[in-house]
Amino acid sequence: MRPALIHYGRLLASSALLLLVVITVLFLLLEIAPGDPLQAMLGDAPASEEFRDQMVATFGLDQPMWQRYLTYVGNVLTGDLGESIVSRRSVTELIMIRAPYTLIIAVIALIISTIVCLVLGAIAARTRRPWLDGLISGGSLTFFSIPNFWLGLMLIWLFAVVLDWLPASGANAHGEPGIAWQYMILPIVATATSQLALKTRVMRSSTIEALGQDYIDTARSKGLSSDRVLYRHGLPNALLPMITIVGLSVGNLLAGSTLIERVFGWPGMGLLMVDAINEKDNMVVLGVTIVMTVMILIANILTDIVYGLVDPRLRARFTRSGRSAA
Amino acid sequence: MTLDSSEKLGAARTPDGDGTGPGGAADAAAPPPAPRRETAAGIFFRKPLAVFFLAVLAGMVLIALLGPVFGGDPVATGNPSMQPPSSEHLLGTDHLGRDYLARVLHGGRTSLFVGFSVAALCMTLGVVIGSLAGFYGGIIDIVLVKIIEFFQAIPGLVLALVAAAILGANVMVIIAILALTMWTGVARIMRAEAARIAQLGYVESSRSAGFPRWRILASDVLPNAMPPVIVTTTMTVGTAILVESGLAYLGIGDANRPTWGSLLNDAQPYLNSAWWLALFPGLCIFLVVLSVNLLGDALNDALNPTIGRVK
């Protein structure tokens with residue numbers, strides 16, 4: 001077998017294992033949650049006697065724990081995330097409606113923050129003007145320290161309450177379906193800013209490190225212009241760690257979406273989860289967690305693939321060990 | 001807590017100054033620093049920004065500790081409601097006519113307590129697991145690294161949210177959950193440092209002198225590995241406060257002990273009319289986290305001058 005195939009096979013297997021572990025942890029959390037499991041699943045929602053019996057039968061609560069565990073895992077793996085206690089709808093369906101809202105904010109914020117962080121980080125690392133580096137570094141540390149949900153609240157206060165330029169919450173005018181662009185601006189700004197702060201810090205130190213390597217001195221001593229050294233030798237190497245950071249930031253984005261969507265009343269997965277937590281609609285909470293975990297795992301796998309495509313050293317390792325194995 | 005961090009700074013300076021000299025005596029009394037080398041504390045205190053934010057952090061901690069003494073009663077409702085900041089109520093009053101300054105001061109206690117506790121737990125877990133993995137190597141290393149990798153790969157923030165939501169609103173539970181999802185940073189750095197130091201000359205000479213391994217670990221490896229560990233731990237305080245306030249903002253937390261995050265949660269419906277309710281708790285979180293992060297950066301420059309900036 002080709003080593004690249006083995007590598008990705010192993011990655012896929014470990015991702016699947018991790019998903020299984022997350023599902024197990026969630027299952028155990030529900031088991032040890034205070035109160036009996038039926039109550040935990042029902043939450044505070046009022047339930048009739050027949051509905052309780054129906055629930056006991058549906059979830060097999062009279063069965064031993066391991067059997068219920070297997071049923072739960074089987075259901076999740078076939079895409080059945082259970083039923084919402086509050087709205088009586090399929091959790092999978094609820095999430096499918098909400099996921100696009102979360103993804104559109106996440107993707108736009110990810111693209112904007114990545115592009116801007118590369119520029120700012122490289123400028124901060126290379127500039128000879130101390131004030132410019134200080135401004136960018138200080139600014140990124142400052143925004144790195146701001147709780148981004150509070151930043152969101154302040155943005156609403158400034159742009160929606162004081163200036164009245166942008167709508168405060170929701171995805172569209174009341175009752176209208178879909179998304180209007182004015183409603184997207186503030187959530188994207190709040191999300192992108194905190195992402196940008198972290199990534200700019202990493203990009204700056206990554207560029208400084210790349211520019212300190214011996215091959216940079218070699219390139220300079222060959223007589224290359226400093227711009228060419230930067231674009232041809234410095235930046236490509238500085239960008240490699242950024243691939244990992246951008247991949248990892250997907251987890252932050254998704255977890256952060258709970259906060260940002262709560263601030264802006266943005267009807268995505270995060271808000272679905274927050275509402276479900278408040279209503280103790282545990283099947284929805286678990287469902288969103290599982291979907292978010294799957295998204296994070298997919299992002300990790302994509303990161304690994306991109307890294308393998310971009311970094312010639314990794315490619316070389318694959319082919320070399322392939323030859324030695326053959 | 002401020003005393004604590006300056007103690008750590010002093011403790012860390014000793015092995016740092018000692019690390020360049022002949023080893024084996026790191027557990028002895030602090031030797032005088034080499035005359036030509038600037039001490040870590042010297043580098044640190046030369047930065048006006050670092051000193052300023054150390055003072056800010058110290059002030060916040062002091063205020064949070066002493067707040068209940070002079071800050072007034074956070075649940076007394078006798079005042080007129082929804083008053084903007086004035087000389088009588090420095091931060092105004094909320095919708096129930098409670099003095100907001102008192103509420104913000106009380107909120108700070110829990111937020112800071114969570115932040116420092118989580119960081120302390122992370123450091124303990126990280127140092128123990130990281131040093132065992134890095135110093136002993138072999139099968140212990142393989143197993144512990146797998147554990148670290150696992151905790152790194154799970155979507156910690158999302159799981160923390162769910163676990164806190166399901167397990168209930170107890171400060172201790174939240175501290176435990178946050179520590180469990182955040183300790184890997186310290187562990188990874190500790191492991192790398194322990195593995196590096198285990199190769200150094202002074203460890204070898206201790207080994208040839210016949211010291212038992214645990215003794216070498218405790219007296220040579222651990223003290224010399226501390227500088228980057230302290231920097232990472234400092235950063236953890238900030239992250240923990242941010243995550244805790246986020247959880248509290250979502251309504252996950254002890255309802256009887258409001259933190260800055262839950263004050264923001266309560267403030268949101270009044271954003272139209274009472275800006276001060278949303279401004280001040282957030283400003284407090286921001287100031288504390290910024291101070292902690294700046295301290296971490298300054299400590300990093302002071303303790304690891306050759307490594308450059310981590311993170």
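In the predicted model, B:Asp297 forms a salt bridge with A:Arg201, with the closest N and O atoms 3.4 Å apart. A:Arg201 belongs to helix H8 of chain A and B:Asp297 to helix H12 (residues 275-303) of chain B, so the pair joins two chains. Both partners fall under the 20% limit for burial: A:Arg201 is buried, with a relative accessible area of 11%, and B:Asp297 is likewise buried at 8%. Across the interface of chain A and chain B, one salt bridge is found.

The contact between the chains involves 42 residues of chain A and 39 residues of chain B. About 3,600 Å² is buried between chain A and chain B, and carbon and sulfur atoms give 78% of this area. Six residue pairs are in polar contact between chain A and chain B, both residues being at pLDDT 80 or more. On the side of chain A that touches chain B, at least two residues each are supplied by helices H1 (3-32), H6 (130-145), H7 (148-162), H8 (181-211), H10 (226-264), H11 (269-278) and H12 (282-310). A:Val161 illustrates the contribution of helix H7 of chain A, in which A:Val161 lies. Beyond its neighbours within four places in sequence, A:Val161 is in contact with A:Ile156, B:Leu271 and B:Asn272. A:Val161 counts as partly exposed, at 26% relative accessibility.

The secondary structure of chain A consists of 13 helices and zero strands. Chain A has 326 residues, of which 47% count as buried. Among contacts in chain A between residues at least 6 apart in sequence, 70% join residues at least 24 apart.

Because A:Asp133 lies in helix H6 of chain A and A:Arg204 in helix H8 of chain A, the pair ties together parts that are 71 residues apart in sequence. A:Asp133 is buried, with a relative accessible area of 18%, and A:Arg204 is buried as well, at 12%. A further salt bridge joins A:Arg89 and A:Glu93, whose closest N and O atoms are 3.4 Å apart. The structure holds six salt bridges over all chains.

For chain A, an unreviewed UniProt entry lists residues 101-123, 135-160, 180-198, 238-264 and 284-310 as "transmembrane region". Residues 180-198 of chain A are 95% helix and 0% strand, with end C-alpha atoms 29 Å apart. Residues 238-264 of chain A are 100% helix and 0% strand, and the end C-alpha atoms lie 35 Å apart. For chain B, the UniProt annotation, also from an unreviewed entry, covers residues 49-70, 112-145, 157-183, 229-252 and 273-295. In residues 112-145 of chain B, the end C-alpha atoms are separated by 31 Å, and the span is 97% helix and 0% strand. The corresponding separation for residues 229-252 of chain B is 30 Å, in a span that is 88% helix and 0% strand.

A search of the whole structure finds zero disulfides over all chains. Among the cysteines of chain B, B:Cys122 is buried, with a relative accessible area of 0%, and B:Cys284 also counts as buried, at 14% relative accessibility.

Terms used: Residues numbered from 1 in each chain as written. Chains lettered and ligands numbered in written order. Predicted model: local features only at pLDDT ≥ 70, side-chain atom pairs only at ≥ 80, totals over all residues. Heavy atoms only, no water. Disulfide = S-S within 2.5 Å. Buried < 20%, exposed > 50% of the residue type's maximum accessible area, 1.4 Å probe, protein only. UniProt positions renumbered as here; feature names shortened; annotations may be inferred. Helix = DSSP H or I, 4+ residues; strand = E, 2+ residues; numbered from the N terminus. Contact = heavy atoms within 4.5 Å. Buried area = accessible area lost by both parts, 1.4 Å probe. Salt bridge = Lys/Arg side-chain N within 4 Å of Asp/Glu carboxyl O. Polar contact = N/O pair within 3.5 Å; in protein donor to acceptor, adjacent residues only side chain to side chain.
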